[in-house]
Amino acid sequence: MNGTHLQVRNLSVWYGDRRVLRDVTLDIPDRRITAIIGPSGCGKTTLLKCLNRLLETGEDVRVQGQVLVDGEDIYAPRVEVTHIRRKMGLLSQKPQVLPMSIYENVAYGPRIHGERRRRELDRIVEHYLKVASLWDEVRDRLHGPAASLSIGQQQRLCLARGLAVGPEIILGDEPTSALDPRASQNVEQRLGELKRDYTIILVTHILRQARRIADHVIFLYLGEVIEHGPLKEVFGNPRHDLTRRYVEGEIS
Amino acid sequence: MNLRLVRDRAARRGFQALTVLCCVLVLPILGGLAIRSGPVLKTQPLWRVLFSSDWSPTQGQFGLLPFLAGTVYVTLLAMLIAVPVSLLTAIFLSEYASRRVCRCVLPLVDVLSGIPSVIYGVWGTLLIVPAVSALAGLGGSYSSGYCLLSGALVLSVMVCPFIIHVAREVLAAVPRGVREASLSLGAGKWQTVKRVVLRRAFPGIVAAVVLGLSRAFGETIAVLMVVGNVPVVPRSLFDPAYPLPALLANNYGEMMSVPLYDSALLFAALALLVMVVAFNLAAKAVLGLARSEAA
Ligand SMILES: Nc1ncnc2c1ncn2[C@@H]1O[C@H](COP(=O)(O)OP(=O)(O)OP(=O)(O)O)[C@@H](O)[C@H]1O
Ligand SMILES: [Mg+2]
């Protein structure tokens, strides 16, 4: 198979009796930023959570179809889920720092995966805090509580923490929605740099944000993929009438 | 001045007054007990009353050590049993159990915490006492079953529902996003619970344990019914004990003709009160420390 890292095949999701994703089939292009756009409640978060199997944590949730990560179906029975989740870093809507120090937050993942050497952990922490452009702001208080950072700093910490386990894919669920414009811009810039090395999938309801940073766009409406393709096509020359009305701001 | 400001100020004053009133209520109780226990302290020094184990009221000897030891032993032993059981149950209910199991178990836990303590006492007498006696027999020693271990077992069953209830709520209050953050880094379920959820919930869990403990300290009837009530310092699990609340409940109002007896009992009450208050303050300090560390 010569496909991309991440492929979705005929994915449907039900919450109880309600079907919130219908037959989604997608190839997510490698080393690009793919934006998932669509009106509120259309299933963007659900789709994103399906990609690293965070959805099964709830009950009454039924998933049908396949999500292939490097060709491996993560919904196949007896799949070991932790090594799949490890391939994806998650940025949630509100930054979720772990209840420990800044240093421990970044070192958490590597520790879980068996890294014990202090020097190596120090190196990882410094490296990824630099990648997330947070190092200079926190170098003097690495062992202070992560909760004392500003929200924008917390989101960058979450980014560093996610990158520290060596993922190939970054999933972001409106990662800038809790941030002020400057902090948002900072996170957007980081993502723009990271797409050289990572496949990034970004849920956003801000069309301007999608225009600014996405290469590829998926338009979701009532649980269905209406249209997906390169940014220029979806925004410049939508094939579907719904898409046109959405990107022109007629429906929201 | 603006009416809203007046109302605000009145409300604040009102709440202040109520708070002060609540705190002040403790003082007359403390003061009353202290004054009434004065006479016994005049005949023998404080340390003698606290640390002598000679309790013979008719001879004028009022050593409280057996009762202090009884209270501390029963309570701590009960907590030693109750805390691990309750915390593991709470973790199971909040992290692993399906919603259906929770719906069945939680009301049951609440029912348990609402049962009057006499019932626990009767149940302890009928079931725990013979069982403990048999256990002692297996170990090759004789015990009536009315002993420290029985008291601690009954007490632990009584405090479990409290700790489970509070601890489960504290765990459930840990945001889902934090768990998801940990899982998405490739941590397993138990790793997430242990390193993130429990850590985040730690101050609340301390509070749950403290709540259980302060209840255990004062619990009277059920313990009194199974613990044996012999005023000696217990030497083993199968020896009878005599906690302070039991002493008071059994004897206050009787044998008042014995000189200094009521004064000695009131001093015992004062000791119990001081113990509980001191313990609560210590717990507050621990809690404060835990909070600042978890933040
Ligand atoms: N745990 C759940 N149980 C039941 N229904 C749910 C659950 N989570 C989401 N839903 C429903 O599924 C639908 C899709 O939700 P989802 O969160 O994926 O939407 P979204 O596109 O991310 O919306 P938003 O832009 O507001 O974040 C919504 O109608 C929502 O009400
Ligand atoms: Mg969403």
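Colleague: Which element gives the largest share of the nonpolar patch?
Modeller: Helix α6 (residues 117–138) of chain B, with six residues. This is a predicted model. The patch covers about 670 Å², and its members include B:Val118, B:Ile119, B:Trp123 and B:Ile221.

Colleague: Why is B:Ile119 called partly exposed?
Modeller: Its relative accessibility is 48%. Exposed would need over 50%, and buried under 20%, so B:Ile119 counts as partly exposed. B:Ile119 is placed in helix α6 of chain B.

Colleague: What makes B:Phe67 and B:Tyr242 an edge-to-face pair?
Modeller: There are seven aromatic pairs over all chains. In this one the ring centres are 5.1 Å apart and the planes stand at 65 degrees. The limits are centres within 6.5 Å and, for edge-to-face, planes over 60 degrees apart, so the pair is edge-to-face. B:Phe67 lies in helix α4 (residues 65–96) of chain B and B:Tyr242 in the loop between α10 and α11, so the pair ties together parts 175 residues apart in sequence.

Colleague: Are B:Phe67 and B:Tyr242 buried or exposed?
Modeller: Buried means under 20%. B:Phe67 has 0% relative accessibility and B:Tyr242 has 7%, so B:Phe67 counts as buried, and so does B:Tyr242.

Colleague: What makes the pairing of A:Gln93 with A:Glu174 a polar contact?
Modeller: Their side chains come to 3.3 Å, and the limit is within 3.5 Å. A:Gln93 sits in the loop between β6 and α3 of chain A.

Notes. Residues numbered from 1 in each chain as written. Chains lettered and ligands numbered in written order. Predicted model: local features only at pLDDT ≥ 70, side-chain atom pairs only at ≥ 80, totals over all residues. Heavy atoms only, no water. Patch = residues over 30% accessible without salt bridge, like charges linked within 9 Å, V, L, I, M, F, W, Y side chains within 5 Å. Areas by Shrake-Rupley, 256 points an atom, 1.4 Å probe, with all protein chains shown as cover. Salt bridge = Lys/Arg side-chain N within 4 Å of Asp/Glu carboxyl O. Helix = DSSP H or I, 4+ residues; strand = E, 2+ residues; numbered from the N terminus. Buried < 20%, exposed > 50% of the residue type's maximum accessible area, 1.4 Å probe, protein only. Polar contact = N/O pair within 3.5 Å; in protein donor to acceptor, adjacent residues only side chain to side chain. Phe/Tyr/Trp six-rings, centres within 6.5 Å; stacked < 30°, edge-to-face > 60°.
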